[in-house]
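I am opening my notebook on a new structure. I will write down what I look up, one topic at a time.

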Amino acid sequence: TVCLPYIVFMIVLGSWQRLRSLCSPLVVFLDRLCIAQHDPKLKEQGIMGLAAFLDISKELTILWSPRYFTRLWCSYELATYLRYQDRVRPVSLMPTSMAILIFLMGVVGAVEAVFYALLINGGIVESDRS
């Protein structure tokens, strides 16, 4: 039916990390979630260990907002990742505002598909079925 591609898209979108882990394990480190925010001592230990994790990282993805470089932690993270000139490693910038846009585009597309399917099944619009 018309909705099948959207259903498949939503399943892949929701389980992509698990599907990808079947091929090769992928480790993701989200500093905001993986470093304790509630305890200053634990937070300091997490920040001190950040360099070790960044040294073995293959890529750095920055969820960028206008406030990104106002936080010392974020500047430290990027500088630590780029500190070796002999290694060229990719840095990806993902504006946080794009996440909202992509989500809304998906919702609009799904609503359109359901509406179109209802129109065709209700007999309001004739399809080109042979």
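Predicted model: local features only at pLDDT ≥ 70, side-chain atom pairs only at ≥ 80, totals over all residues.

**Entry 1: the helix α5**

I began with α5, whose buried residues pack against α2 (31-34), α3 (40-48), α4, β1 and β2. I took helices (H or I, at least four residues) and strands (E, at least two) from DSSP runs, numbered from the N terminus. Buried means under 20% relative accessible area, exposed means over 50%, and partly exposed is in between (1.4 Å probe, protein chains only). Contact, which I use for packing and touching, means heavy atoms within 4.5 Å.

Residues are numbered from 1 along each chain as its sequence is written, and side-chain values use heavy atoms, with hydrogens and water left out.

Which residues of α5 are buried? I found Trp73, Cys74, Glu77, Leu78, Thr80 and Tyr81. They lie on the same side of α5, because they cover an arc of only 165° around the axis. The arc is that of the directions from the helix axis to the C-beta atoms. I recalled a rule here: an α-helix has 3.6 residues a turn, so residues three or four places apart point the same way.

**Entry 2: the nonpolar core**

Next I looked up the largest nonpolar core. A nonpolar core is a set of buried Ala, Val, Leu, Ile, Met, Phe, Trp, Tyr and Cys residues joined through side-chain atoms within 4.5 Å. The largest one has ten residues: Ile35, Leu50, Leu54, Leu60, Ile62, Tyr68, Trp73, Cys74, Leu78 and Tyr81. I saw that α4, β1 (60-64) and α5 each supply at least two residues of this core. Which element gives the most? It is α5, with four residues.

Leu60 is found in strand β1. Leu60 is buried, with a relative accessible area of 9%. I left aside neighbours within four places in sequence and listed the contacts of Leu60: Leu54, Leu78, Tyr81, Pro90, Val91 and Ser92. I also checked a distance. The C-alpha atoms of Leu60 and Ala36 are separated by 20 Å, and the two residues are 24 residues apart along the chain.

Not counting residues up to four places away in sequence, Tyr68 touches Ile62, Leu63, Cys74 and Glu77.

**Entry 3: Ser65**

I moved to the loop between β1 and α5, where Ser65 is found. Is Ser65 buried or exposed? Ser65 counts as buried, at 18% relative accessibility. Its contacts are Arg71 and Thr96, not counting residues up to four places away in sequence.

**Entry 4: the salt bridge**

I counted a salt bridge when a side-chain nitrogen of Lys or Arg is within 4 Å of a carboxyl oxygen of Asp or Glu. How many salt bridges does this rule give? The count is one. It joins the side chains of Asp55 and Arg83, at 2.8 Å from N to O. The pair links distant parts of the chain, 28 residues apart: Asp55 is in helix α4 (residues 50-55), and Arg83 is in the loop between α5 (72-81) and β2 (91-95). Asp55 is partly exposed at 23% relative accessibility. Arg83 is partly exposed as well, at 36%. The general idea is that side chains of opposite charge can pair when their charged atoms come close.

I looked at α1 next. Phe9 lies in helix α1. Phe9 is partly exposed, with a relative accessible area of 46%. The C-alpha atoms of Phe9 and Gly106 are separated by 9.4 Å, although these residues are 97 residues apart along the chain.

Leu22 also lies in helix α1. Leu22 counts as exposed, at 71% relative accessibility. From Leu22 to Tyr84, 62 residues apart along the chain, the C-alpha atoms are separated by 32 Å.

I finished with Phe103, which lies in helix α6 (residues 96-121). Phe103 counts as exposed, at 56% relative accessibility.
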